[in-house]
Amino acid sequence: KNHLTSREIDTWEHVILVLPPTDWPQIPYQAILSRRARKLGNNGGPLHTELPNERDTRVSWATVKPGISSYDLLTLARKLVALHWTAAPSRIALAVPGLEADLAARVLEALVAAVLAKAAALPHYKSKKSKSERPLKGITLYGQSRKLDLSRTLAEAEGNHLARSLTVLPPNELTPARYRERIVALAKEQGWRMEFFDIKALRRMKAGAFLAVAQGGAAQDDGIVHLRYTPPSNKSKTKSNKPALALVGKGICFDTGGHNLKPAKHMMGMHEDMAGSAVALGTLLALTRLKVNFQVDCWLAIAQNMISPTAYKQNDVVTALNGTTIEIVHTDAEGRMVLADTLALASKAKPGMIIDYATLTGTCIYA
């Protein structure tokens, strides 16, 4: 819709406004919002108040400058949306009065992304239902005169939700075997071609880097998943086409650190060490939803890094799939081990670009 009028704002329980830093346009309840901004100190950050109407409309607002970065804009959108979510709104209005067309479009896309992320229900195991579980029924946009294409924002939101949903699952539920079951179902639903290289296949391929990590697990259910998206217009062509893009993700379902055992505070949360693979899957889902016109491969290194009598050790020397020999210096460097062989496999198809996703957190901190 073009404008948020005084009559319309009184029909809403939740409204988010994003305004220019100066020269505000005429907006409903402008005097009240201006007084509130002066009282709290309007530094461009999010402010909020309840309007004196029958619905006690909760309004949050902030100002943006034209050159705001995407990161800062998404951060601002997240903060604005969070001010409303204690009440778990079923509907919300987003308005950008006074912003020029390009900035208005960017702001609305960021706000929609933040609302969809906040509204998405994640897996949980609590016995009582939370008020925040009430489903979102609708978003109404005000202040954009031209048609707004939100297809990419919606696709990204779906991929983002998939990645987050997988990452929060506990390690006894998302074992390598059960993770693979989920991927099989997703591949069938989305029309992706799928291959799985299990332990026996990886031994035949002499993928010694991956197998070194996998050898410590009792279940021996680790392996490398290969998914392929082919554009609808290209389905009839041969499978040998080179992918334009290969997504590679680290999928360590739990990471003890191996013989170089992590202390308890650093092992807590290591069910999230498969987040790289979840992001790769989410990206593939978003690209599929957008029906991109290029072929995409997705490679997932799914394993666990366990402590056991058979686990790999410091000073072991193994040979990777491409023939490179590796001496094990630290068993908690399992991510680059499983990724080494997975990247070697991904490279064989000679993709135009490879994007590698991994939670190599410790290395980032040291660097």
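Here is a walk through a few spots in this structure, which is a predicted model.

Let's start with a helix. H5 covers residues 151-167, which makes 17 residues, and it reaches 25 Å from its first C-alpha to its last. That is close to the 24 Å expected at 1.5 Å a residue. Quite a few of its residues are tucked away: Thr153, Ala155, Ala157, Gly159, Leu162, Ala163, Ser165, Leu166 and Thr167 are buried. What do these buried residues of H5 pack against? Their partners are helix H4 (101-119), helix H6 (176-190) and helix H10 (275-289).

Next, the charged pairs. How many salt bridges does a search of the whole structure find? There are 11. Take Glu13 and Arg55, whose side chains meet with N to O at 3.7 Å. Glu13 sits in the loop between helix H1 (6-9) and E1, and Arg55 in the loop between strand E2 (47-50) and strand E3 (58-63), so this pair ties together parts that are 42 residues apart in sequence. Glu13 is partly exposed at 41% relative accessibility, and Arg55 is partly exposed too, at 42%. Arg58 and Glu50 form another of these bridges, at 3.9 Å from N to O, and Glu50 is partly exposed with a relative accessible area of 47%.

Now look at Glu334 and Lys250, a salt bridge with its closest N and O atoms 3.3 Å apart. Glu334 belongs to helix H11 (residues 334-348) and Lys250 to strand E8, so to speak two distant parts of the chain, 84 residues apart. Are these two buried or exposed? Both Glu334 and Lys250 are buried. Asp273 comes into the picture as well: salt bridges with shared partners join Lys250, Asp273 and Glu334 into one network.

Strand E8 (245-255) also leads us to Thr256, found in the loop between that strand and helix H9 (264-267). Thr256 counts as buried because its relative accessible area is 6%, and buried means under 20%. Its side chain reaches the backbone nitrogen of Gly258 at 2.9 Å and the backbone oxygen of Asn305 at 2.7 Å. Leaving aside residues up to four places away in sequence, Thr256 touches Leu261, Lys262, Met267, Asn305, Met306 and Ile307.

Tyr29 has a positive phi of about 60° although it is not a glycine. Its loop runs between strand E1 (14-19) and helix H2 (30-40), and Tyr29 is partly exposed at 22% relative accessibility. Ala88, also not a glycine, has a positive phi near 45°. This residue lies in the loop between helix H3 (70-82) and strand E4 (91-95), and at 0% relative accessibility Ala88 is buried.

Conventions:
Residues are numbered from 1 along each chain as its sequence is written. This is a predicted model: local features need pLDDT of at least 70, side-chain atom pairs count only at pLDDT 80 or more; totals for chains, interfaces and linings use all residues. Side-chain values use heavy atoms; hydrogens and water are left out. Helices (H or I, at least four residues) and strands (E, at least two) are DSSP runs, numbered from the N terminus. Buried means under 20% relative accessible area, exposed over 50%, partly exposed in between (1.4 Å probe, protein chains only). A polar contact is a pair of N or O atoms within 3.5 Å; within protein, one must be able to donate a hydrogen and the other to accept it, and residues adjacent in sequence count only if both atoms are side-chain atoms. Contact means heavy atoms within 4.5 Å. The expected span of a helix is 1.5 Å times one less than its number of residues. A salt bridge is a side-chain nitrogen of Lys or Arg within 4 Å of a carboxyl oxygen of Asp or Glu.
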